[in-house]
Amino acid sequence: MAPPQVTAPQPTGQLPQPTKSIPAFSPDDVTVVFVLGGPGAGKGTQCARLVSEHGFIHLSAGDLLRAEQDRAGSQFGDLIRDYIKEGKIVPMEVTIQLLENAMTDSLRQSGSTKGRFLIDGFPRKLDQAHKFEQSVCPAKLVLFFDCPEATMEARLLERGKTSGRTDDNAESIRKRFRTFIETSMPVVDEFEQQGKVVKVDATPSPEDVFKTTQKELSKRLGPSF
């Protein structure tokens with residue numbers, strides 16, 4: 001019997017959510033790995049290697065939000081821009097809808113109903129994790145890159161010289177780190193209790209971090225992941 005069709009509520013001022021089955025994707029078809037770590041932990045670098053060498057699809061919540069804020073005609077551009085500038089978490093309905101749209105587009109382009117996604121920088125809060133798993137797809141694992149604040153700040157200040165990102169400055173970096181500790185670490189803790197966290201020390205060189213990441217993922221996803 002087909003699952004019931006429901007219309008998700010449309011929060012005021014957020015992206016509309018279409019009529020759909022919940023969750024949108026089956027974990028039998030779609031593998032979701034949440035990639036978490038403080039700002040500057042190297043999530044994007046490691047995701048790029050996993051894409052090129054292991055065939056994952058990388059979706060950066062931050063990149064999707066930045067693209068949306070710059071998209072001509074977006075009614076959410078100012079809202080997203082203000083939240084990012086202040087180092088605050090964008091309302092989850094916006095982020096979750098952008099992620100679901102990107103997943104749908106990726107599968108459509110591949111011509112398949114099956115895919116493996118690295119979702120980078122999301123969820124930032126427990127309610128985001130719960131809502132995503134309820135409405136989009138349950139997560140298989142959380143890949144957590146653990147890195148001290150001083151290391152992350154030095155990396156981001158260096159990146160800020162060329163990135164052009166408004167949040168790559170000392171004040172925003174410190175706000176983002178505090179936000180991560182207060183709101184995102186409970187996400188890591190909850191998934192750790194479920195035995196779903198792969199924790200990687202992100203202080204060594206990117207190459208060494210990647211070797212450790214591959215080793216740990218092979219334990220969870222199989223040697224030919």
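Which hand does the crossing of H2 and H3 have, left or right? This is a predicted model, in which local features need pLDDT of at least 70, side-chain atom pairs count only at pLDDT 80 or more, and totals for chains, interfaces and linings use all residues. Residues are numbered from 1 along each chain as its sequence is written, and side-chain values use heavy atoms, with hydrogens and water left out.

**View A. Helix H2 against helix H3.** H2 (residues 61–70) packs on H3 (residues 77–85) at about 130°, with the axes 7 Å apart (axes are lines fitted to C-alpha atoms over the stretch in contact, and angles run from 0 to 180 degrees between N-to-C directions; helices are DSSP runs of H or I, at least four residues, and strands are runs of E, at least two). That makes H2 oblique to H3 (under 35 degrees is roughly parallel, over 145 roughly antiparallel, 65 to 115 roughly perpendicular, the rest oblique). The crossing is left-handed (the near helix is turned anticlockwise from the far one by less than a right angle). H2 brings Leu65, Arg66, Glu68, Gln69 and Asp70 to the contact, and H3 brings Gly77, Ile80, Arg81 and Ile84 (contact means heavy atoms within 4.5 Å).

**View B. The cis bond at Pro123.** The peptide bond from Phe122 to Pro123 is cis, with omega near 0°. Look for Pro123 in the loop between strand S5 (115–120) and helix H5 (126–135).
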